[in-house]
Amino acid sequence: MSKSMYDLFAEQLGEAFGAETQLTAALPRMAAAAKSPDLKAGFEKHLGETHAQIHRLDRAATELNLRLVADSSDGMRGLIAAADEVIAAGYEPEVLDAALIAAAQRIEHFEIATYGCLLTWAKKLGYPDIAKLLRESLDEEKKADVELTKVAEAEVNHHAVMGDRHE
């Protein structure tokens, strides 16, 4: 039995829901590990956005009569495992912040790709209300990525490099 575009869309909504749900457990660990107050605050802010994104995905699923499973994203599971490895790697605190930003940006890029595809498919499948929800989440993910870059360029990368030069 072949699957339709709707089937792909429904499966990927589940992937996004699973990814966001898994991320709600990882972001507090990342915030706790961060030394930079701006980075810590960014992780905490994104946790709130992630909860809102889960709610939007749940609303989309309700509209489509779908049941989403919270632990259904192998991709996010791998990205979170990589972030946890960074936390446990024993880096100097300033270097850890740079590594956390890199791990967080990999996560953001995964989410941007996921929401970008879902948004396009929702439009093509004729779900404008769902597309609006997905656009809001996509915009948040893009903004989070930009904010991570700002923190890296404004302070974290400089402190990481300067700390390494003093050893």
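Reader: How many salt bridges does the structure hold?

Author: This is a predicted model. A salt bridge needs a side-chain nitrogen of Lys or Arg within 4 Å of a carboxyl oxygen of Asp or Glu. By that cut-off, the number of salt bridges in the structure is eight.

Reader: Is Lys35 buried, partly exposed or exposed?

Author: Lys35 forms a salt bridge with Glu94 (2.6 Å, N to O). Buried means under 20% relative accessible area and exposed means over 50%. Lys35 has 47% relative accessibility, so the class is partly exposed.

Reader: Which side chain of opposite charge is nearest to Glu15, and how far away is it?

Author: Glu15 is found in helix 1 (residues 5-33). Glu15 is buried yet has no salt bridge, and the cut-off for one is 4 Å. The nearest side chain of opposite charge is Arg77, at 7.5 Å.

Reader: Which helix gives the most to the lining of the largest pocket?

Author: The largest pocket holds about 250 Å³ of space and is lined by 16 residues. The elements that give two or more residues to this lining are helix 2 (37-64), helix 4 (93-125) and helix 5 (128-165). With seven residues, the one that gives the most is helix 2.

Methods:
Residues numbered from 1 in each chain as written. Predicted model: local features only at pLDDT ≥ 70, side-chain atom pairs only at ≥ 80, totals over all residues. Heavy atoms only, no water. 1 Å grid on protein atoms, 1.4 Å probe; cavity = no way out; pocket = protein on both sides within 12 Å on 5 of 7 lines; lining within 4 Å. Points joined across faces, edges and corners; volume = space filled by probe spheres on them. Helix = DSSP H or I, 4+ residues; strand = E, 2+ residues; numbered from the N terminus. Buried < 20%, exposed > 50% of the residue type's maximum accessible area, 1.4 Å probe, protein only. Lys, Arg positive; Asp, Glu negative; His and termini not counted.
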